[in-house]
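Trainee: I would like to learn how to read a model like this one, feature by feature. Could you show me the general idea each time and then the case at hand?

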Amino acid sequence: MKLRLQEWWFRNRSLIGFVFIFPWFAGFIIFDAMPFIYNLYLSFTDYQIGTVGVPPWIGLENYSEIFNEDKLFSKSMYNTLYYLGYSVPLRLIFAFFIALILNLRVRGMELYRTLFYVPSVVPLVAATVIFAGFLNTRYGFLNQFLVLIGAAPVRWLSSPDAIKPSLILLSLWGFGAQMIIFLAGLQGIPEDLYEAAAIDGGTGWQRLVYITVPLMTPTIFFNLLMGLIGGFQVFEQVFILIGTHGGPLQAGLVYMLHVYNKAFRDFEFGYAAALSVILFLIIFVLTILLVYTSNRWVFYGDAQDNET
Amino acid sequence: MIEDPRTKLLRHIFIYAILSVGALVMVVPLLWTVSTSLKTRDKITIRRLELIPDPVAWENYPYLFEARPIMQYARNTMIIVVASLFGAWVPCTLAGYAFARIPFPGRNVFFGILLATMMLPYVVRLIPLFLFFDEIGWTRTFGPLILPRLLGHNAFYIFLYRQFFRGIPDDIHDSARIDGCSEFGVWWRIFMPMSRPVLAAVSIFAFSFAWNDFLNPLIYLGSNKELWTLALGLNALQGFEGDDNSLNLIMVFSMLMIIPMLVVFYFGQKHLISGVTAQGSLKG
């Protein structure tokens with residue numbers, strides 16, 4: 001009797017567990033698993049607007065077209081990598097550097113923290129629209145300021161050379177979000193480590209290199225990974241700032257914009273699906289590589305051997 | 001270690017110089033936004049730097065409400081925000097509770113799936129989801145924006161809840177169970193009231209993601225002006241009629257999108273870090 005009651009209780013308990021995760025699991029099936037699989041399937045078909053019934057299977061044709069004929073594929077990939085190559089490291093460096101300074105706990109630190117953080121609270125659409133005005137060739141602040149100090153104005157959003165730097169500027173404006181994460185990490189470093197180092201005669205620089213940076217590597221790793229994943233999918237800034245064509249000479253055509261155009265302007269869904277699968281594979285491989293190599297440089301407190 | 005007062009002074013000057021210049025650079029675009037939003041139409045097209053608006057055109061703000069269906073945009077945006085908050089509060093906390101507290105068979109497998117979906121970029125689901133919603137006739141409606149949110153389709157929130165719930169001592173959970181409280185009762189009467197920090201943090205995320213969402217409203221609601229959100233309205237003001245003459249109104253609109261975010265972050269900031277990092281705070 002007692003055993004059966006316990007058994008019933010355990011089964012009931014398990015059942016409740018399934019009930020509790022059911023909404024999430026239903027969402028997973030409908031919004032993650034099925035679309036992911038169907039997307040893979042679509043990428044091997046020639047599904048376009050007007051396709052009725054089962055989309056025609058064309059094997060690897062989409063992929064071969066992407067790699068062999070699609071000039072915008074390499075162009076948009078180059079633009080995306082260029083954007084990433086600058087914005088991700090620069091954002092990390094600024095965020096880490098300012099967080100270090102704010103962590104010195106000087107007076108007024110909270111005010112400064114707020115000022116650095118506020119731009120990353122601005123909704124992305126608003127931030128982008130603000131930058132469109134701010135960088136406006138004639139009436140924007142930046143050019144008027146450049147003229148004021150005697151420098152030459154720049155056509156920020158209409159010259160091919162300036163579009164990518166403008167996008168990078170916009171992304172740098174939001175470094176405050178990463179700064180806050182760094183700051184939380186820095187404040188979690190035990191004070192006695194620094195005291196011990198001070199007693200041993202460690203200089204400020206040594207403390208930074210041998211205590212702060214190693215203990216912050218998990219946070220740096222997290223911010224780096226999230227920055228890269230987000231950077232590959234940069235879309236709305238570009239869409240709003242320079243439009244779907246990617247600006248003059250398509251200097252601002254990033255990868256997601258190419259996917260968007262193929263899917264929602266040309267309605268070549270199969271082709272766009274293939275493009276998205278390629279982006280997924282790139283992000284996936286990069287994540288695996290980063291996680292794999294992280295053992296060498298990311299310091300986790302419980303694994304003493306990794307220290308060097 | 002005693003520092004030489006002169007070195008200390010120099011160090012402080014250096015620190016404050018860097019912070020002040022940096023903060024100024026960060027804030028200038030916002031100051032310019034406020035200033036431009038208060039300029040008259042003929043002042044915005046002067047090709048000279050003027051940071052203080054003269055005259056101050058307060059009327060730009062009420063004018064935008066006349067010129068654009070702002071209240072309708074706001075209502076549409078709030079529908080998405082409310083769905084998002086509901087999802088974050090009910091289904092996500094239930095799932096987080098189950099992952100943290102209920103030992104059901106296969107829990108680790110399900111949790112592994114949850115973690116994997118956090119790494120799944122939206123781009124590989126975008127097109128099939130659009131085709132699916134198109135198939136069932138839901139494009140040009142709120143359906144595609146609301147249904148995933150009502151189901152709490154956000155692995156990140158569930159993960160945060162799970163981490164927080166794991167920090168709540170076992171005894172509390174066990175004694176309530178022994179006293180005859182159901183899992184549902186424990187979740188509602190004990191865990192939810194104890195989880196204010198993480199609830200506040202997730203609510204801020206949910207609000208701001210819904211408020212800021214652009215790609216989904218663009219794809220699903222772009223061709224149905226009646227259902228446009230604030231983000232779509234702002235984009236249209238800037239994009240299609242964005243001649244330089246309406247720069248002031250664009251900045252008014254931007255301010256309208258920024259202010260609620262500032263309010264939310266102002267009241268929620270103390271929970272933001274603690275709710276996310278304090279997974280063991282209750283262990284004491």
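Mentor: Let us begin with a definition: a salt bridge is a side-chain nitrogen of Lys or Arg within 4 Å of a carboxyl oxygen of Asp or Glu. Please keep in mind throughout that this is a predicted model.

Trainee: Which side chains meet in a salt bridge at 2.9 Å, N to O?

Mentor: They are the side chains of A:Asp32 and B:Arg125, and the rule finds 1 salt bridge across the interface of chain B and chain A. Over all chains, the structure holds 8 salt bridges.

Trainee: How many residue pairs are in polar contact between chain B and chain A?

Mentor: The count between the two chains is 9 residue pairs, taking those where both residues are at pLDDT 80 or more. On the side of chain B that touches chain A, helix H1 (residues 5–37) of chain B gives the most, with 15 residues. Sorted by kind, the residues of that side of chain B are 66 nonpolar, 12 polar and 7 charged.

Trainee: How should I read the size of such an interface?

Mentor: The size of an interface is often given as the accessible area lost when the parts come together. Here chain B and chain A bury about 7,600 Å² between them, and 80% of that is on carbon and sulfur atoms. In chain B, the residues that lose the most area to chain A are B:Leu19, B:Met26 and B:Ile127, which together make up 9% of what that side buries. Counted by residues in contact, 85 of chain B meet 82 of chain A.

Trainee: Which residues are linked in a network of salt bridges?

Mentor: The network links A:Lys262, A:Asp266 and A:Glu268. In one of its pairs, A:Lys262 and A:Asp266 have their closest N and O atoms 3.6 Å apart, while in another the side chains of A:Glu268 and A:Lys262 meet at 4.0 Å, N to O.

Trainee: Is A:Lys262 buried or exposed?

Mentor: A residue counts as buried when its relative accessible area is under 20%, and A:Lys262, at 17%, is therefore buried. A:Asp266, with 38%, is partly exposed, and A:Glu268 counts as partly exposed at 22%.

Trainee: How many aromatic pairs does the structure hold over all chains?

Mentor: There are 61 of them over all chains. Take A:Phe44 and A:Tyr63, whose ring centres are 5.6 Å apart and whose planes stand at 45°, so the pair is tilted. This pair links distant parts of the chain, 19 residues apart, since A:Phe44 is in the loop between helix H1 (2–42) and helix H2 (61–68) of chain A and A:Tyr63 is in helix H2 of chain A. A:Phe44 is partly exposed, at 22%, and A:Tyr63 is buried, at 12%.

Trainee: Where is A:Ser43 found?

Mentor: A:Ser43 is in the loop between H1 and H2 of chain A, and with a relative accessible area of 0% A:Ser43 is buried. A polar atom of the A:Ser43 side chain lies 2.6 Å from the backbone oxygen of A:Leu40, and a polar contact of 2.7 Å joins the side chains of A:Ser43 and A:Tyr63. Leaving aside neighbours within four places in sequence, A:Ser43 is in contact with residues including A:Gly59, A:Asn62, A:Gly270 and A:Val277.

Trainee: What does A:Gln233 touch, not counting residues up to four places away in sequence?

Mentor: A:Gln233, which lies in the loop between helix H10 (204–232) and helix H11 (236–242) of chain A, touches A:Met256, A:Leu279 and A:Ile283, as well as B:Pro121, B:Tyr122 and B:Val123. The side chain of A:Gln233 also reaches the backbone oxygen of A:Ile229 at 3.4 Å.

Definitions and conventions: Residues are numbered from 1 along each chain as its sequence is written. Chains are lettered from A and ligands numbered from 1 in the order in which they are written. This is a predicted model: local features need pLDDT of at least 70, side-chain atom pairs count only at pLDDT 80 or more; totals for chains, interfaces and linings use all residues. Side-chain values use heavy atoms; hydrogens and water are left out. Contact means heavy atoms within 4.5 Å. Buried area is the accessible area (1.4 Å probe) that two parts lose on being put together, summed over both. A polar contact is a pair of N or O atoms within 3.5 Å; within protein, one must be able to donate a hydrogen and the other to accept it, and residues adjacent in sequence count only if both atoms are side-chain atoms. Helices (H or I, at least four residues) and strands (E, at least two) are DSSP runs, numbered from the N terminus. Ala, Val, Leu, Ile, Met, Phe, Trp, Tyr, Cys and Pro count as nonpolar, Asp, Glu, Lys and Arg as charged, and the others, Gly among them, as polar. Buried means under 20% relative accessible area, exposed over 50%, partly exposed in between (1.4 Å probe, protein chains only). Rings of Phe, Tyr and Trp (its six-membered ring) pair if their centres lie within 6.5 Å; planes under 30 degrees apart count as stacked, over 60 as edge-to-face and the rest as tilted.
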